[in-house]
Amino acid sequence: MSDNASDEDTALREEGVSGGSVRKGCDPLVLTQRSKLQQRRAKLNQQINRELRLRTGAENLYRATTNQKVKETVSLELSFVNSNLQLLKEELEELNSSMEVYQTDSEKVNVPMIPLGLKETKEIDMTIPLQDFISEHYGEDASLYVAEIKEFMDLRQAMRTPSRNGAGLELLMEYYNQLYFLDQRFFAPHKTLGVHFHWYDSLTGVPSCQRALAFEKGSVLFNIGALYTQIGARQDRSTMPGIHNAIDAFQRAAGAFLYLQENFSHAPSLDMSSPALSMLVRLMVAQVQECVCERVTLTMEEDDLMSNLQAAQEAARVSDVYSLVLQAMSVPLLKDYVPFSWVSVVQVKTQHFRALAHYYTAIALCDCTDMIDKDKDDGSGVKALMQVHTRPPDRLCLQEPEDRLRLGKAHLRKAIIRHEEALRLHGVCKMLRKMDILQEVLSYGHTRSLEKYSDIDQEDDFCEIAEAPEIQSHTHQKPDIQPPDFSLVRITDIFHRLGPLSVFSARNRWVGRHVCLIREETGLGLTLRGDSPVLVAGVLPGGCAAEAGLREGDYIVTVNGSDCKWAEHSEVVRALKSCPERGVELDIITLHTHEVERRAAPLSPSSDSETQSARQKRHSKDNDGGTTSLLNWNWRSGGGGGVTKRLGSTFSLPFGSLRESESMY
């Protein structure tokens with residue numbers, strides 16, 4: 001069974017033609033093998049959630065009741081529910097073990113890779129909470145923002161079913177970036193929005209629910225990494241471009257999981273816990289190393305000494321990194337969590353690539369003797385053979401052809417033993433027995449080693465059996481873990497009409513007023529500075545602006561009913577200068593910080609310049625946009641300020657740096 005990726009790509013292209021946007025997930029009517037798998041996983045998650053609620057209710061009733069008959073009935077119900085839960089979890093584990101669904105359709109035989117299924121989430125309706133916040137906090141008519149709210153909800157709905165290609169990754173990153181703006185706009189520090197985010201564990205289906213937006217963001221990050229694993233697994237690794245694409249995908253998957261591990265702690269679900277993420281990073285690194293080994297064997301010359309020795313060391317390196325993955329899977333927290341099929345695949349690959357390391361070394365010893373004989377003068381061939389082993393061979397002189405043949409046979413014996421162990425481990429796991437492609441790869445390697453051994457084995461060979469040392473692992477390309485680069489997806493804040501984030505955010509509070517200015521012969525009597533929004537930097541005592549109630553630190557948001565939150569300095573000046581004789585009407589706001597400063601000013605002997613300097617420093621910090629991190633679900637230090645820089649969105653500059661546009665009117 002293999003995924004029909006072309007159907008999925010075709011569906012995406014059709015959506016792009018009809019909708020003109022990438023903000024669409026996979027078409028549920030196009031039932032590829034992968035989409036069927038995701039739908040079955042979603043149904044199982046819902047059934048597991050229902051059984052967990054039933055078990056919780058039964059346990060509470062058992063503890064609360066004193067009636068013995070009721071306790072017996074509840075105990076029987078609990079055993080029934082636990083039995084159902086076990087069956088559902090086993091079925092989910094079988095789905096998560098369906099690695100073949102994500103593999104390539106190429107006719108070439110490749111060792112299957114381990115992909116990761118996406119985390120499922122419930123559909124949520126944020127319309128009412130967002131409308132209430134817009135009305136209460138921003139003081140605007142929430143009905144004017146119905147289109148923006150729908151656009152955000154459509155984006156979240158599409159994000160639940162991303163296509164398995166670059167467009168799917170772009171969709172997830174677009175939603176991830178929009179969550180930054182959502183946090184700044186609607187999630188106040190000391191008030192919750194009342195929205196619960198439900199996500200299911202990727203491997204067990206156990207639901208988790210939190211109100212922190214950081215949980216939503218972390219889950220999306222996890223799915224970005226999981227989608228990279230699926231893209232890497234589908235590559236045709238029998239070609240050089242396919243290997244390069246697989247390496248890139250697995251490196252980016254490792255980067256996403258590592259980024260998540262370094263920036264989150266105390267995750268509510270086990271798949272995003274530090275041990276699980278550490279295991280996933282190691283697994284992705286191992287799969288990168290496997291691709292590097294495949295690239296070496298794809299381009300090697302079969303009769304070349306150095307090529308065979310390099311392939312042997314690369315294979316030994318793959319075996320070593322998979323043994324580290326096996327250690328990570330064996331920690332107490334993950335021992336019963338990781339699917340048995342995953343553990344079996346890792347064990348099989350550890351043995352398989354160790355067998356390949358011995359096989360390629362044997363080929364170098366037995367079939368590349370001409371090169372060694374030619375190099376007797378400088379001994380480079382013999383030196384290379386010595387260095388490929390972890391220790392010198394016992395009582396063998398590698399300059400002698402007979403000793404090289406004996407050592408080659410010893411390596412072939414070890415290769416055959418390792419191949420047989422890999423086949424045994426493959427047969428133990430029921431899920432792996434269904435993977436014909438893995439069986440074919442293992443059988444081919446075993447048969448090849450047996451045939452080579454029979455070719456060089458002689459009946460009249462009565463020499464003592466040599467002991468082959470282990471192969472020294474080495475790689476010419478170490479994995480380069482690449483963290484996600486969210487700046488690749490440029491977005492516009494969906495709720496940008498609310499105003500610049502430097503002022504109009506959930507973290508700021510302000511007071512709005514309506515004033516009317518009538519121009520005098522000396523002008524309006526105020527100094528403006530900055531853009532988006534324009535700031536009242538100074539008010540002339542006794543002037544028109546002072547009499548109307550304008551004060552230093554106010555922001556102009558409308559001029560004669562025209563919204564100017566995003567207006568440039570020159571636009572506001574032009575509107576003020578063109579005011580009629582009856583005057584100009586302004587809507588202004590005053591941040592609470594400015595109110596506090598004004599009330600404290602008469603009590604302090606400090607100079608006006610000191611107050612202005614402090615205000616400029618604080619306002620410059622507000623305009624930075626990176627001082628408050630979205631990841632308030634235990635975001636670790638050092639990661640908060642980078643989010644805005646990646647987004648590349650438009651923010652107001654600190655008004656302290658815009659003195660060239662300061663003018664008196």
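In which loop does serine 273 lie? Select the stretch between helix H8 (240-263) and helix H9 (274-299), for serine 273 lies in the loop that separates these two helices. Helices (H or I, at least four residues) and strands (E, at least two) are DSSP runs, numbered from the N terminus.

**Conventions**

The model is a predicted one, in which local features need pLDDT of at least 70 and side-chain atom pairs count only at pLDDT 80 or more, while totals for chains, interfaces and linings use all residues. Residues are numbered from 1 along each chain as its sequence is written, and side-chain values use heavy atoms, with hydrogens and water left out.

**Stop 1: serine 273**

Remain on serine 273, which counts as buried because its relative accessibility is 12%. Buried means under 20% relative accessible area, exposed over 50%, and partly exposed in between (1.4 Å probe, protein chains only). Leaving aside neighbours within four places in sequence, serine 273 is in contact (heavy atoms within 4.5 Å) with Ala267 and Leu333.

**Stop 2: the whole chain**

The chain has 665 residues, of which 52% count as buried, and its secondary structure comes to 22 helices and nine strands. Among contacts between residues at least 6 apart in sequence, 79% join residues at least 24 apart. The chain exposes about 30,300 Å², and carbon and sulfur atoms supply 50% of it; accessible areas come from the Shrake-Rupley method with a 1.4 Å probe, and for residues only the protein chains shown count as cover.

**Stop 3: the nonpolar cores**

Select Leu182 and Phe186, the residues that touch the most other members of the largest nonpolar core, which has 148 residues. Helix H12 (residues 340-367) contributes the largest share of this core, 15 residues. A nonpolar core is a set of buried Ala, Val, Leu, Ile, Met, Phe, Trp, Tyr and Cys residues joined through side-chain atoms within 4.5 Å. Beyond four places in sequence, phenylalanine 186 is in contact with Leu130, Phe133, Ile134, Leu193, Phe495, Leu498 and Ala506.

**Stop 4: helix H10**

Display residues 305-329. At 1.5 Å a residue, the 25 residues of helix H10 should span 36 Å, and the end C-alpha atoms are 37 Å apart, which agrees; the expected span is 1.5 Å times one less than the number of residues. At the start of H10, a side-chain oxygen of aspartate 304 reaches to within 3.4 Å of the backbone nitrogen of methionine 306.

**Stop 5: two loops between strands**

Proceed to the loop between strand E4 (526-529) and strand E5 (534-539), the place of proline 533. The peptide bond from serine 532 to proline 533 is cis, with omega near -5°. Serine 532, found in the loop between E4 and E5, has a positive phi near 45° although it is not glycine, and at 11% relative accessibility it counts as buried.

Next select asparagine 560, in the loop between strand E6 (555-559) and strand E7 (562-563). Asparagine 560 is another residue other than glycine with a positive phi, about 55°; at 42% relative accessibility, asparagine 560 counts as partly exposed.

**Stop 6: confidence**

Finally, colour by pLDDT, the predictor's confidence in each residue, from 0 to 100. The mean for the chain is 80, and 77% of its residues reach 70 or more. Over residues 27-32 pLDDT stays under 50, and the model has twelve contacts beyond four places in sequence for them. Residues 601-664 also stay under 50, with 120 such contacts. Where pLDDT is low, the predicted coordinates should not be read in detail.

Technical notes: Polar contact = N/O pair within 3.5 Å; in protein donor to acceptor, adjacent residues only side chain to side chain.
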